[in-house]
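The structure is shown first, and the text follows.

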Amino acid sequence: MQLDKSKFESSLTVVALRLPLKLVDVVMRKRLPFRLNRGRLHSLIHDPVAPEAARLLLLDEAVKLDALPEPLAKLVEELSLELTMHTLKVGYDDMTADEVLRSILPAELAVPSSFEQVGHIAHLNLRDGHLAFKDVIGQVLLEKTPTLRTVVNKTTAVEGQFRELPMELLAGEDDFDVEVKQHGCVFRFNYRQVYWNSRLQTEHQRLISTLAPEDYLHDVMAGVGPFAIPAAKKGLRVVNANDLNPHCFAALQTNAKLNKVAAVVQCFNMDGREFIQHCLKQFVASDRTGGSGQPQAALRAKQGAHHFVMNLPALAVTFLDAFRTLREWPAPSGGIKPPTVVIHVYLFTTSDDLRGDSLRQVEEHLGKPLGEAAIRAV
């Protein structure tokens with residue numbers, strides 16, 4: 001479907017207030033609710049009759065010359081304002097994306113006005129009914145949103161080993177290298193090659209706010225670093241970030257340098273289970289003895305917790321079996337408190353019993369009943 005912009009040309013006649021220049025600020029400060037509010041049209045324009053001496057304040061289409069709203073009629077009388085009619089030419093450039101798409105799409109189809117924006121890319125998730133109009137939808141959103149250079153549509157469900165987003169280019173540049181700013185951090189990555197969800201930024205911030213500087217963060221499915229990089233900038237002593245996707249691994253390294261935390265963030269390109277075992281042996285186990293037979297509690301004043309983050313909801317819960325070896329460790333001797341291990345695992349559930357089904361999944365893969373567990377919907 002081709003977009004014929006000439007078909008959007010029309011005229012609009014509205015009531016207007018003629019304002020002498022000395023009264024423009026007086027009237028505008030009153031923030032009248034009757035001003036024209038349509039698309040990209042300006043409600044205050046030069047008076048074509050006296051452009052050097054007056055302005056026209058265009059009123060809403062519902063305002064009629066012979067039936068002014070009482071507050072407006074009172075203002076006209078108090079300031080001795082003149083009323084007139086004014087006709088505007090309205091075209092495609094004066095309309096919002098919603099207005100254009102509403103005029104194109106069948107009435108039964110909702111206007112796809114909301115989308116996830118990742119850098120300069122708009123990511124749509126169009127319904128089947130929209131697909132016949134997808135190119136026009138992409139063109140309109142691109143032309144009406146100044147911050148966009150690329151518009152894509154998700155074609156199928158996210159799947160595969162690396163959870164890349166299957167997408168098609170609808171409009172704009174075939175450029176998927178983006179830069180995203182989130183919570184004081186900068187992230188650079190190729191949107192086609194990694195998984196990124198901007199809607200999770202509140203969850204990223206929530207979890208990071210619970211961490212203390214003496215804590216350890218072991219991010220098992222780190223992606224491009226939305227947990228690891230802010231945690232390092234917060235001042236955590238050790239941040240280990242892992243992702244099996246080599247593109248995520250490369251982006252992790254880039255983002256650590258970009259945000260000046262490369263000395264803190266250790267990046268890994270390992271299978272999740274191998275990474276968990278590595279961190280348990282190299283960090284948690286050594287945290288019990290200090291790695292040299294000396295109690296770690298004697299080496300530092302305050303003992304931090306080891307936080308394992310597993311943010312891959314489709315699969316993360318299945319990796320919990322890697323923690324079963326913790327049960328085989330002997331208790332520390334000499335009254336030394338064992339390190340605290342906290343696991344943050346994200347999972348999907350379609351059950352009405354969110355808590356019950358979540359516990360069932362976790363206990364099944366962990367291989368033991370849970371004692372203390374906090375469960376929340378994200």
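Helices (H or I, at least four residues) and strands (E, at least two) are DSSP runs, numbered from the N terminus. The model is predicted: local features need pLDDT of at least 70, side-chain atom pairs count only at pLDDT 80 or more, and totals for chains, interfaces and linings use all residues. Residues are numbered from 1 along each chain as its sequence is written, and side-chain values use heavy atoms, with hydrogens and water left out.

**Two loop residues with positive phi**

Most residues other than glycine have a negative phi. Lysine 260 is not a glycine, yet has a positive phi of about 60°. It sits in the loop between helix 7 (246-258) and strand 13 (265-268). Arginine 31, also not a glycine, has a positive phi of about 50°, and is located in the loop between helix 1 (21-28) and strand 2 (44-46).

Accessibility is classed as buried under 20% relative accessible area, exposed over 50% and partly exposed in between (1.4 Å probe, protein chains only). Lysine 260 counts as exposed because its relative accessibility is 76%; arginine 31, at 68%, counts as exposed too.

| Residue | Relative accessibility | Class |
|---|---|---|
| Serine 358 | 7% | buried |
| Aspartate 357 | 15% | buried |
| Histidine 307 | 7% | buried |

Serine 358 lies in helix 9 (residues 354-366), and aspartate 357 is in helix 9 as well. In what follows, contact means heavy atoms within 4.5 Å. A polar contact is a pair of N or O atoms within 3.5 Å; within protein, one must be able to donate a hydrogen and the other to accept it, and residues adjacent in sequence count only if both atoms are side-chain atoms.

The side chain of serine 358 reaches the backbone oxygen of leucine 354 at 2.7 Å. Apart from neighbours within four places in sequence, serine 358 is in contact with Leu347, Thr349 and Ile375. The side chain of aspartate 357 makes a polar contact with the side chain of threonine 349 at 2.5 Å. Not counting residues up to four places away in sequence, aspartate 357 touches Thr349 and Ser351.

Histidine 307 belongs to strand 14 (residues 306-310). Its side chain makes a polar contact with the side chain of histidine 344 (2.8 Å). With residues up to four places away in sequence not counted, histidine 307 touches Leu211, Asp215, Tyr216, Leu217, His218, Val342 and His344.

**Packing of helix 3 and helix 4**

Two packed helices are described by the angle between their axes and the distance between the axes. Axes are lines fitted to C-alpha atoms, for helices over the stretch in contact, and angles run from 0 to 180 degrees between N-to-C directions. Helix 3 (residues 97-104) and helix 4 (residues 134-144) pack at about 160°, with axes 9 Å apart. Helix 3 is therefore roughly antiparallel to helix 4, a class that covers angles over 145 degrees.

The contact involves Ala97, Val100, Leu101 and Ile104 of helix 3, and Val136, Ile137, Val140, Leu141 and Lys144 of helix 4. These residues divide into 8 nonpolar, no polar and 1 charged. In this division Ala, Val, Leu, Ile, Met, Phe, Trp, Tyr, Cys and Pro count as nonpolar, Asp, Glu, Lys and Arg as charged, and the others, Gly among them, as polar.

How values were computed: Parallel < 35°, antiparallel > 145°, perpendicular 65-115°, else oblique.
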